[in-house]
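Visitor: I would like to learn how to read a model of this kind, feature by feature. Where do we begin?

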Amino acid sequence: MAKMLDGPVPHGARSVSWPWYHHVLTSELTPDAKKLLVSYSGVSPAEMEAHIYSVRDKAWGIFPWPCVGEFWFLSFGLAKHPLYKNMVLPRLKAGHTLLDIGACLGQDLRKCIFDGAPATNLYASDLFPEYEELAYDLWRDQDQLPSGHFFADDILADDASFTSGPLMTHLGPASVDIVTITMFLHLFNYENQLQVATRILRLLSHRPGSMILGSQAGSIDCGEHALKPPFHRGEAGVKRTVFRHNPESFERLWREAGQATGVPLQVSAVLQAPTDFLAAADSSFDLAFKKRRYLTRSETRRLYFSVMRT
C-alpha cells in the first residue's frame with residue numbers, strides 16, 4: 001500500500017531557489033485574502049505581509065510543497081467552485097457537515113465560516129499535524145474554530161492504519177455530507193487516486209445528494225505524467241508519476257470507485273469550467289490559464305468536478 005509520502009523530503013527540495021518559491025507577494029494577496037485577514041483574523045494591513053511570509057516559511061519548513069511556496073493557502077478554491085454559492089453554502093448553513101481533505105492551512109474552512117457557515121460542522125484533514133497550530137497562527141481564530149476539528153491522517157496508509165486512524169474513528173464511516181478535495185487528487189498516480197476515491201466514499205454520508213467536489217490540474221489528453229525534480233523519485237529511487245484527467249477519465253475513475261464500494265454516483269467534470277457550468281459561479285471565478293511551464297504543459301487545464309451520491 002502506498003503512502004502519501006513514501007520517503008523523506010527530497011534532497012534540495014527546501015531550497016528557496018526553486019521557481020515556485022515566491023520571494024515577493026504579488027497577485028497572490030488578492031482582495032478576498034486581504035478582506036479575510038483583516039475582517040476575520042484581525043490582521044492589520046501594516047503587519048499583513050510580514051505575517052504571511054512568517055507563516056509561509058514555517059509551512060515550507062514542514063514540507064516544501066510548491067503550493068506553499070506559491071502562497072496557495074491564500075486562495076479560496078472551494079469558494080470559486082460553481083456549486084459553492086448556491087449549493088454548498090446553503091447546505092452548510094442548514095447544518096450539513098463538510099470535510100476538507102488536503103486542507104493545508106484551512107483557508108477554505110475559514111472562508112466558509114466568514115460566509116456564515118457554522119464552524120461546528122466543519123472539519124479538515126492533512127498529512128502533517130503541525131498544520132493545525134500553524135493554521136491558527138495564520139487565521140488567529142482559536143475562539144471561532146473549535147480544536148479537535150483537524151485530523152492528521154494519511155489517506156493512503158495501509159488498511160489497518162487507515163481504519164484505526166482519526167478520520168475513521170473520530171468522524172467515522174458515512175459521517176460527512178460534503179467532502180472537498182481542492183488541488184489534491186492530482187498529486188497521485190491513477191492507482192493511488194482510485195484508493196483515495198474509495199476511502200472518501202467510505203466517509204461520505206449515505207444520504208442521497210451527499211457530494212464530493214473540488215478542482216485540480218487536468219489535461220486535454222489524460223494520462224500519467226512524470227514529475228520533475230526534486231519530486232521525481234520516491235522511495236528506492238522509483239520514478240514518480242501523477243495522473244492528469246480529462247472529464248472522461250475522471251468520470252471513469254469515480255465509476256470504478258463507486259462500483260468497488262457499492263455507492264451509486266452521478267459524476268460531472270469539466271475542463272476550464274465552460275459557461276454552462278458557471279451558472280452558479282461567483283463573480284470572482286478565475287478562468288485564467290496558468291502559464292508556469294515548470295508545473296504545466298500546453299494541454300494543461302483546470303478541472304472542476306462534482307461527485308454526488310444518488
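Guide: What follows goes from the overall fold to helices, a strand, a cavity, cysteines and a few single residues.

Visitor: How many helices and strands are there in the protein?

Guide: The model is predicted. The protein has 10 helices and nine strands. Of its 310 residues, 54% count as buried.

Visitor: What share of the contacts with a separation of 6 or more comes from residues 24 or more positions apart?

Guide: That share is 77% in this protein.

Visitor: How do I read a helix?

Guide: Begin with the general idea. An α-helix has 3.6 residues a turn, so residues three or four places apart point the same way. Now take the case of helix H2, residues 45–62. H2 has 18 residues and reaches 26 Å from its first C-alpha to its last, close to the 26 Å expected at 1.5 Å a residue.

Visitor: Which residues in H2 are buried?

Guide: They are Met48, His51, Ile52, Val55, Arg56, Ala59, Trp60 and Ile62. The list holds a histidine and an arginine, His51 and Arg56.

Visitor: What covers the buried residues of H2?

Guide: The cover includes helix H1 (31–40), helix H3 (66–69) and helix H6 (130–139).

Visitor: Then let us turn to H6. Which of its residues are buried?

Guide: In H6 the buried residues are Tyr131, Leu134, Ala135, Tyr136, Leu138 and Trp139. They pack against the helices H1, H2, H3 and H5, and also against E2 and E3. Just after H6 comes Arg140, with a positive phi of about 50°.

Visitor: How do I read a strand residue, say Leu122?

Guide: Leu122 is found in strand E2, residues 122–126. Its relative accessible area is 0%, so Leu122 is buried. Leaving aside residues up to four places away in sequence, Leu122 touches Leu92, Leu98, Leu109, Cys112, Ile113, Ala117, Leu145 and His149.

Visitor: How do I look for empty space inside a model?

Guide: Rolling a probe the size of a water molecule over the atoms shows where empty space is left. In this structure, a search of the whole finds two cavities of 30 Å³ or more. About 90 Å³ of space lies in the largest cavity. Among the 13 residues lining the largest cavity, Arg110, Ala124, Glu132, Leu145 and Phe150 are the closest to its centre.

Visitor: Which helix supplies the largest share of that lining?

Guide: H6 does, with three residues. Helix H5 (107–114) and H6 each supply at least two.

Visitor: How do I check for disulfides?

Guide: Compare distances between cysteine sulfurs with the cut-off for a bond, which is 2.5 Å here. A search of the whole structure finds zero disulfides.

Visitor: How do I read a residue in a loop?

Guide: Asp154 is in the loop between strand E3 (150–152) and helix H7 (159–163). Asp154 counts as buried, at 14% relative accessibility. A polar atom of the Asp154 side chain lies 2.9 Å from the backbone nitrogen of Leu156.

Visitor: Is Gly148 buried or partly exposed?

Guide: Gly148 is partly exposed, because its relative accessible area is 44%. It lies in the loop between H6 and E3. Gly148 and His170 are 22 residues apart in sequence, and their C-alpha atoms are 9.2 Å apart in space.

Definitions and conventions. Residues are numbered from 1 along each chain as its sequence is written. This is a predicted model: local features need pLDDT of at least 70, side-chain atom pairs count only at pLDDT 80 or more; totals for chains, interfaces and linings use all residues. Side-chain values use heavy atoms; hydrogens and water are left out. Helices (H or I, at least four residues) and strands (E, at least two) are DSSP runs, numbered from the N terminus. Buried means under 20% relative accessible area, exposed over 50%, partly exposed in between (1.4 Å probe, protein chains only). A polar contact is a pair of N or O atoms within 3.5 Å; within protein, one must be able to donate a hydrogen and the other to accept it, and residues adjacent in sequence count only if both atoms are side-chain atoms. The expected span of a helix is 1.5 Å times one less than its number of residues. Contact means heavy atoms within 4.5 Å. On a 1 Å grid over the protein atoms alone, a cavity is a set of points where a 1.4 Å probe fits but cannot get out, and a pocket is an open set with protein on both sides within 12 Å along at least five of seven lines; lining residues have an atom within 4 Å of a point. Grid points are joined across faces, edges and corners, and a volume is the space filled by probe spheres set on the points.
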